Amino acid sequence: MEKNTATQILDVAQEMVRNRGYSAFSYADISKQVGIRKASIHYHFSTKDELVKELVKRYREDMMRACDRISQSNASLDQQMVQFAQLYRNGLEEKQICLCAMLAADYAVLPQPVRDEIQTFFQETETWLINLLQQGCDAQLWTCQPEQEAKGLIALLQGAQLLARSAADSTTTFEQVVYPLLAAKFSSS
């Protein structure tokens with residue numbers, strides 16, 4: 001089944017933003033890669049800001065679905081923590097970092113509706129992570145302060161992506177930075 005045009009546009013835009021950032025892509029770039037005229041992109045997304053707002057919304061919803069799959073799995077809490085970290089690691093295989101981390105670098109120049117979506121992404125991700133951390137504390141597997149540590153973990157994962165991005169083997173670098181810290185703090189064994 002062939003993807004519809006709006007989905008193709010979003011897919012290409014997502015790859016471009018995750019690789020190059022907000023300011024380094026245009027409708028001309030997208031039209032060339034999708035094989036359509038710029039006017040066709042404007043038909044679906046009248047402005048770049050509208051396109052990026054929809055892109056962040058879709059990314060946020062995808063992240064929450066992935067987090068829900070982790071929560072609903074039969075994995076132990078420490079395995080769920082590793083699976084969460086894997087969400088950040090996986091993009092590095094395509095030389096991409098978290099969309100919202102990349103956009104946060106351009107936060108000052110983004111329109112308010114895009115900023116709002118980015119804030120919602122971080123709030124929802126943090127809330128999910130706080131819940132996971134709280135479960136581990138309640139089960140006496142971990143000693144932590146969930147609200148503070150959720151922010152720190154997100155910063156760790158996104159910072160590790162940035163560091164790994166410049167390495168010859170980005171996934172190995174990410175793993176070397178993140179997994180020993182997670183094992184030291186959140187291993188129940």
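This is a predicted model: local features need pLDDT of at least 70, side-chain atom pairs count only at pLDDT 80 or more; totals for chains, interfaces and linings use all residues.
The protein chain is helical, with nine helices and zero strands. Read along the sequence, the pattern is α-α-α-α-α-α-α-α-α. The radius of gyration of the chain is 18 Å, close to the 16 Å that the globule rule gives for 189 residues, so the chain is as compact as a globular protein of that length. Along its principal axes, the C-alpha trace spans about 55 × 40 × 35 Å.

Two packed helices are described by the angle between their axes and by the distance between those axes. Helix 1 covers residues 5-20, and helix 4 covers residues 48-72. These helices pack at an angle of about 85°. Their axes lie 10 Å apart. Angles of 65 to 115 degrees count as roughly perpendicular, so helix 1 is roughly perpendicular to helix 4. On the side of helix 1, the contact is made by T7, I9, L10, D11, A13, Q14, V17 and R18. Helix 4 contributes L51, E54, L55, R58 and Y59. By class, the residues of this contact divide into seven nonpolar, two polar and four charged.

The largest pocket holds about 300 Å³ of space. Its lining consists of 15 residues. Nearest the pocket centre lie R18, Y59, D62, M63 and L87. Of these, R18 and Y59 also take part in the contact between helix 1 and helix 4. Helix 1, helix 4 and helix 5 (77-92) each supply at least two residues of the lining. Helix 4 gives the most, with six residues.

D106 sits in the loop between helix 6 (99-104) and helix 7 (112-138). Neighbours within four places in sequence aside, D106 is in contact with G21, Y22 and S23. Helix 1 ends at residue 20, and the contacts of D106 include G21.

Definitions and conventions
Residues are numbered from 1 along each chain as its sequence is written. Side-chain values use heavy atoms; hydrogens and water are left out. Axes are lines fitted to C-alpha atoms, for helices over the stretch in contact, and angles run from 0 to 180 degrees between N-to-C directions. Helices (H or I, at least four residues) and strands (E, at least two) are DSSP runs, numbered from the N terminus. Angles under 35 degrees count as roughly parallel, over 145 as roughly antiparallel, 65 to 115 as roughly perpendicular and the rest as oblique. Contact means heavy atoms within 4.5 Å. Ala, Val, Leu, Ile, Met, Phe, Trp, Tyr, Cys and Pro count as nonpolar, Asp, Glu, Lys and Arg as charged, and the others, Gly among them, as polar. On a 1 Å grid over the protein atoms alone, a cavity is a set of points where a 1.4 Å probe fits but cannot get out, and a pocket is an open set with protein on both sides within 12 Å along at least five of seven lines; lining residues have an atom within 4 Å of a point. Grid points are joined across faces, edges and corners, and a volume is the space filled by probe spheres set on the points. The radius of gyration is taken over C-alpha atoms; the globule rule is 2.2 Å times the number of residues to the power 0.38.
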